[in-house]
Each structure stands twice: as C-alpha cells, then as structure tokens.
Protein chains: 2
Amino acid sequence: MSVDAPLPSSPRLMVDLDAVRSNYLLMAARSGMASCGAAIKADAYGLGLNEIAPVLARAGCTSFFCAHVSEGMIARQILGHEMEIFILNGVQYGEAPLLRQKHLIPVLSTPEHIALWQEAGENAPAALHVDTGMNRLGLPWQGNVPDMVKDLNLTLVMSHLACGSDPAHPMNRQQLERFAVIRTAFPGIRASLANSAGILLGDAWHHDLTRPGIALYGGAPLDEGGPNLAPVAHIEAPILQVFTLRQGQSVGYGATYTAPKDMTVATVAIGYADGLRRDASPGGFGRIHDQKVPLVGRVSMDLSTFDVSDLTKPPKPGDLLCLLGKDLEALAIASDTLSYEVLTGLGPRFVREYKGCGT
Amino acid sequence: MSVDAPLPSSPRLMVDLDAVRSNYLLMAARSGMASCGAAIKADAYGLGLNEIAPVLARAGCTSFFCAHVSEGMIARQILGHEMEIFILNGVQYGEAPLLRQKHLIPVLSTPEHIALWQEAGENAPAALHVDTGMNRLGLPWQGNVPDMVKDLNLTLVMSHLACGSDPAHPMNRQQLERFAVIRTAFPGIRASLANSAGILLGDAWHHDLTRPGIALYGGAPLDEGGPNLAPVAHIEAPILQVFTLRQGQSVGYGATYTAPKDMTVATVAIGYADGLRRDASPGGFGRIHDQKVPLVGRVSMDLSTFDVSDLTKPPKPGDLLCLLGKDLEALAIASDTLSYEVLTGLGPRFVREYKGCGT
C-alpha cells in the first residue's frame, strides 16, 4: 500500500541518489584492483531497487547481488541484459529454467543446488559459494569441492565473512586463509570474498570482485570507525500536536514515561509501522531545525512523542521532525540493532522521494 | 517491490480471512450493545487492507479507523461510499477539501484541527478526540471542550486507553471516569473509548462504538489471558541447506553462537528484511512438521538458521519452515516486542496468499 500524493500528513522518506553514487565510488576506489559490484537485495536494503540500481549501473557497477530469484527477475527488468546478476540464495527445485531465461546466475551453495543446475543442462554460468566459517550457506571448504563441481561453467567462486565488522577478529584472517585454499583449486575463475567491511580490511580481501551493500546505503560497515559515508535515507514526519506535559503526568502506552518536570512535547505522525522501532525509546531521538529532540514514552504504531522543551523556538503543528540522515547509526544503536535492520524495516506508508540524478 | 509468481524460493505469508471474520464476530459479540468498528490503519496491521477491509464489511462492520488521510483514501476506494471511515491523525493544512470530497471523517485532536475543519466550511461531520490521560493526541479533558467545538457537526466523541492491556491498571478506571465527564457534555453524540483491550474490560467501557484492532488480526490484546483468537498470519519459508554444525563451531554473523555439541542446522530463506527480527535470536523458534525448532545464531537480512537436531525426521532442502500462526505471541515475546510490531514489520518480499472467502 502506498500513496503517491505528497499529502502534508504523510511522513516522507527521501533517498539521496547522489549519496548512493558517491558511496559506490568510494567503495570502488577502496576496492583497489578489484571490480566493485553491489548488493541490491531486499529492495536495495529497503530504499528502492527501481531507483537505485540504475544509479549504481551508471556509476560503473556491472555485477549485482540479489538474495532471491524474485528479486533477480525485477533487477533484470530494471538493468537490462548487459549486467551480471547473481542470486545469493541459489536455485530451488523448478526454478532453473527461469534463471536461465533471465540470465540470472545462481550462487550454488549445496549439492542440491549443483544437481538442479546440472540437470537443467546447457551449462549456463554459475557461481559457487564455499563456506569458510560463517556456517550459514555454502559447501564446506574442507570438502572436495572441485570434484563436486567439475562439470559446471563457473564464473565466480565466493565466500562470506562472518566477523568483518570487527577488523581485529581472528576469524577474518582464518576465513581469508581458507578461501586461499579454495581459490587455488579454481585457477582462472574470479573470486569474491569482501562485503563492505571486507573492502575496508585491505587489499588481501579484495580478490577479483567486491560486493558492498550497507556502505552504499550510508550505513557503517564497521562496529567502530571507517570512512565517512554520505547519508542516503532521510525521513521527515509532520508534527500533529504540541502540548505541555505537567510534572508527574505520564505519556503513551503503559504510562511508562513520567515527566520529571513540566515539559513541552510534540506528537509526530510516525510510528513503528513506519519502522521507528519500539526499541528506539528510550534513547532514540529526532531533530527539529537540526536540534536534537529525544523520544519520550513508547513508540505507537502510527505516532510517537518527542520532548521539544529545549528547542530555542518551540515547534507548531505541521512543522517537520527529521530522522535518520547522519543519525542513522545513532538511532540504530538506540534501537538495539544495526543500520541494516533500520533501513530494511522502513515501512510502506512513506511518500518516497528520490533526489539527485546520480549521473 | 513484490512478485506475484509463487516461486519455490520465496517465503510466503498466508492470511486467513476466515480467521479475521471469526475474530471480528467475537469482538462484536464481546462489545455487547455497542456497534463494533475496526481499526484498519497501517495496511490492516500489515496484513493487507485491500483483502481484509471487505471481509470486515461483509461481517457487519460499518465504521473503520485509519491513521492517515492517505490510508482513508485507499479504504474509501475499497469499501465504497456507504461505510464510515475515520482518520485518527486528523487533518493537516490543505487536506480538508480532500477529506470532504472522499467523505472521510477527521478525528479532531487539536485547536488547529478544529480551525482547519471550520475554515473549510460546509459543516461536514467530524469526530472529536479528547485526551483522558494517554497524553499523545487529543484535547485535554479538563479544558472547556464543548465551547471549543460548538460550531462543529460532531458524529463521535472518542478517547483512547493507555493501559488497557493490563485490566488491573488504575488508569483504566480513571480514564473511564474522565470520559464520562466529557460524554455528559455531548448528549446525543456517539461515544467510543474501547480498543480490543477496552472491549474485554467490560460493558462500562463499550459506550456506543468499539474499535478493535489487534484482536482482529489474531494478536493478544491483554498482557495475560484473554479470549482465544484465531491465528490470522502464517509464514512458510523454504529451507535452503541442512548441514552438521560440529561441537565448537560458530554460526552466523559475529560468530555469537557456538555449538555445544554436534548439531543439525537448517538455513532458511527468511531474514530480518522479511520481519523476522534480529531480536528473535536467541529465544525465537519456528516449526517444521509442527515440531518446534529454535533459532540459532544471528538472524541475517535474508537468511536465518534453526537447530533441527531434535526432529524425528530431519528436513531436506525445499522443505518448509513455519512461523507465526499460533506462535505469534511467543515469537513477539522472544523478540522483545508485541505482536503489533511483528505484524506491521512483515516485509514486502513475501508472496502473499489469502485464504477463506470471509463470507
């Protein structure tokens, strides 16, 4: 459900396509000699595959990573037939003909995937996912992988880092060493290990193709530090009511928050149905005229309340509260999660606006 | 972004319309002499306004509650012109003509709302929201409300319970008493206080019109106990890989989970982009052949892993893992939230199927 008309009462999600382009170019530069692909799964991390994929293509990206076959089909429609589109979740029974028809490249992770792709014939290109320690998807690196896939037309061998967000984690080097073993078994086949965090780990992790995701969308790939990325997602939501909360009065469901003193509170037309998580209170905040305003009381489905007592100029109904932007990571932390989940959790009720031409 | 083709690799969300009907009829029966409306905001709590609204109408509902004007416009298209549609968030500057054109009834909560509605002329029906202690939206009950609205064509006076989910909370009776004061000031005007929880509080809370939400969608209105509601939302997601996790091996991002013994693990094509929250692990679970299987390791964006060691018959790739259904509340609790947020957080990647005719 979405509405195109930008009604004053609707929250807006503005996606900065110039920022996506700038982040892609930064990740491409940091990928060194490797080609830089892009993870566009989950509707480009919730921000709009239809608008973002062409921007990445114009910025020079030619390799795209989806999770689902369904996503790959949409990406193919958007990107045309020149681009390489990988399906990270592989292939399920009955899907191989569709993948071939759309020139989608399955990432084969299991003996069943391999059998399905082989049975479908024609020897169309496939990628191979070898598990080097994530223990989620992939053929075990210790197994006799080359024998299992000897009849395949492999175009890429890949693995995935489990702890890349923590550069000091010993698992990064361990996975790199295991991947080196596998890579040796596939001479001449392109190799890919690095997600956004992996790109930042250094040249040794880059191989032939990197596949950043979160960094493109302005989220921090590392638990701490990392490059300055351009904020991509900006929310504006209208203030519905401004009122005085007297000392001792409670606000919101469960009456969990009690005013320690007289306060000015603004009720805003955004709630957890829009992706402002219940976890965000306490600790979360928005901005009005770039000044921080803390969430107070529980976030409701369609509404939330903010303490605007400290604003130099009190807001009035119809004024806008801003969320995300440069505060994406801070809001994710206040919500006990990652920017990834905040972005993919943005709801369908926003009026979505895309700015910048991305060229 | 959504795909209609029911690909085997896509997770499915099945919505049981007969269950919605049954839950509505139960809430209508429990509403006693009051007419029973329905909250259909946030795309009918994430489950599909387009399919659910007609089912409620056929079950006898004639009063519908949306949050946003944009939702009301869609609801009007779906429901036709006979039904009463309220806009809980009221009216913003410039929207009054649109509301009148679509015969949407704004719930006026602020002096600004009242002024906007009055300025637009014609004296079309409006509802009034009086705040009796929630401190979120509404005119203060202590104020001189009748004077503020004396020129309005009021069709409903309402308020909202802050602590209805806890029947023993003293605030329920306090809000009831305050609402009685307001109601006296508006003789002959319909009154509405009860959401799902309020309906269960008893006759005194029912007034003229109730407006259940969560109960219609199978979520529990009370923190503990309450009537047996029919489960509405059922997820099925395909298993992509089944493998052995050796004692001491870790699984997933951050390597946060280490196998205490050799285990059989299934990786499933559902992740937090679909609404299986990262919070759900540890503690969350799904079912395979109706046997519980615990989540292990962190939930990823597109994938999650479950311990299937205890299944009498080990699953194979392509088998389905079930989520929600009768486990909605348990999964919400494991995810440190409410069923409300689980439902509205369901992602756009599901193939959505509606079963039952709802007649």
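In this predicted model, the buried residues of helix α3 (residues 49-58) of chain A are L49(A), I52(A), A53(A), V55(A) and L56(A), where buried stands for 20 or more other C-beta atoms within 10 Å of a residue's own, exposed for 12 or fewer and partly exposed for the range in between, with C-beta atoms placed from the backbone. Because these residues cover an arc of only 165° around the axis, they lie on the same side of α3(A); the arc is that of the directions from the helix axis to the C-beta atoms. Helices (H or I, at least four residues) and strands (E, at least two) are DSSP runs, numbered from the N terminus. The cover over the buried residues of α3(A) includes α1 (17-30), β3 (38-39), α2 (41-45), β4 (63-66) and α4 (69-79) of chain A, two residues being in contact if their C-beta atoms, placed from the backbone, lie within 7 Å.

In chain B, helix α3 (residues 49-58) has L49(B), I52(B), A53(B), V55(B) and L56(B) as its buried residues. They are placed on the same side of α3(B) because their arc around the axis is only 165°, and they pack against α1 (17-30), β3 (38-39), α2 (41-45), β4 (63-66) and α4 (69-79) of chain B.

| Helix | Following residue | Phi |
|---|---|---|
| α3(A) | G60(A) | positive, near 120° |
| α3(B) | G60(B) | positive, near 115° |

Strand β4(A), one of the elements that cover α3(A), is itself covered on both faces, with S63(A) and F65(A) buried on one side and F64(A) and C66(A) buried on the other. It pairs with β3(A) in the parallel sense over two bridges, and A39(A) stands opposite F65(A) in β4(A); strands count as paired if DSSP finds at least two bridges between them. Strand β5 (residues 84-87) of chain A also runs parallel to β4(A), to which it is joined by four bridges, and I85(A) in β5(A) stands opposite F64(A). The chain crosses from β4(A) through α4(A) to β5(A) in a right-handed β-α-β crossover, that is, with the strands pointing away from the viewer, the path from the first strand over the helix to the second runs clockwise.

Between the chains, 62 residues of chain A are in contact with 62 residues of chain B. On the side of chain A that touches chain B, at least two residues each come from α2, α4, β12 (233-245), β13 (250-251) and α11 (339-344). The residues of that side divide into 30 nonpolar, 23 polar and nine charged, with Ala, Val, Leu, Ile, Met, Phe, Trp, Tyr, Cys and Pro counted as nonpolar, Asp, Glu, Lys and Arg as charged, and the others, Gly among them, as polar.

Residues are numbered from 1 along each chain as its sequence is written, while chains are lettered from A and ligands numbered from 1 in the order in which they are written. As the model is predicted, local features need pLDDT of at least 70 and side-chain atom pairs count only at pLDDT 80 or more, whereas totals for chains, interfaces and linings use all residues.
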